[in-house]
Amino acid sequence: MYTLYGFKGCGSAVVEIALELTAQPYRLVEAASWEPGSAVDQLQQCNPLKQIPTLQLADGSVLTESAAILLHLGLSHPASRLLPDDEAQRAQAIRGLVFIAANCYAAIGVIDYPERWCVNADEAVKEQIRQRARERLYNYWEIFADTYVASPFLGGAEPGALDLLAAVVSKWSGARTHLATARPAFLALIESIETHPRVAPVWQRHWPG
């Protein structure tokens, strides 16, 4: 059985949805560094960064980083169609997962914690860092939207790993507000992913209504 360390309304939702799509048993442990009383100490034993999602496999080994977890689940459970069967399409899905992780996720980290990137930054400097990071984030999403065409989803006939990661990560730092103007068709795709019958039950637990 898998053990997923995560918390409501966080990036761990993408792995929770993926686990549901694989139809594999898993145990959910609520853990968040900002949430008193959650299993943070237990999480830290598995992941010194105390980041979620963290996934413990049946053999006790640990996977961190959302894209890596999604790739592992897709490769381990091909019937789930988390990754496309077609080799060329699968290669592009892998590219997209790493793109979101390396660019969009990274920019959000700067927006959320600008003080980590500048010594003795006052609020004005922090806001300057946030503003520039948001601009880069929005540009990354425009590039992503222009690169990946849905048919009807990014993963093919049904939502796959790339769809799930795009839907979850786009919820943060005002990306969807920007996409509503800059790439409305892509935003409509994102919204159709979260309401898909295979995705919606978990999505509603994390973001009701």
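**Exercise 1.** At roughly what angle do the axes of helix H7 (residues 175-182) and helix H8 (residues 184-194) cross?

*Solution.* Keep in mind that this is a predicted model. Start with the axes: those of H7 and H8 come within 6 Å and cross at roughly 130°. Next, name the arrangement. Now look at who touches whom: H7 brings Arg176, Leu179, Ala180, Thr181 and Ala182, while H8 brings Pro184, Phe186, Leu187, Ile190, Glu191 and Glu194. Sort these residues and you get seven nonpolar, one polar and three charged.

**Exercise 2.** Work out how helix H1 (residues 12-22) and helix H3 (residues 66-76) are arranged.

*Solution.* The two axes come within 10 Å, crossing at roughly 5°. Angles under 35 degrees count as roughly parallel, so that is the label for H1 and H3. On the H1 side, the contact uses Val14, Val15, Ala18, Leu19 and Thr22; on the H3 side, Ser66, Ile69, Leu70 and Leu73. The tally here is seven nonpolar, two polar and no charged.

**Exercise 3.** Find where Glu65 lies and say how exposed it is.

*Solution.* Go to the loop between strand S4 (62-64) and H3, where Glu65 lies. Its phi is near 75°, a positive value in a residue other than glycine.

**Exercise 4.** Which residue does a cis peptide bond join to Pro53?

*Solution.* The partner is Ile52, with omega about 10°. Pro53 itself sits in the loop between helix H2 (40-46) and strand S3 (54-56).

Definitions and conventions:
Residues are numbered from 1 along each chain as its sequence is written. This is a predicted model: local features need pLDDT of at least 70, side-chain atom pairs count only at pLDDT 80 or more; totals for chains, interfaces and linings use all residues. Side-chain values use heavy atoms; hydrogens and water are left out. Axes are lines fitted to C-alpha atoms, for helices over the stretch in contact, and angles run from 0 to 180 degrees between N-to-C directions. Helices (H or I, at least four residues) and strands (E, at least two) are DSSP runs, numbered from the N terminus. Angles under 35 degrees count as roughly parallel, over 145 as roughly antiparallel, 65 to 115 as roughly perpendicular and the rest as oblique. Contact means heavy atoms within 4.5 Å. Ala, Val, Leu, Ile, Met, Phe, Trp, Tyr, Cys and Pro count as nonpolar, Asp, Glu, Lys and Arg as charged, and the others, Gly among them, as polar. Buried means under 20% relative accessible area, exposed over 50%, partly exposed in between (1.4 Å probe, protein chains only).
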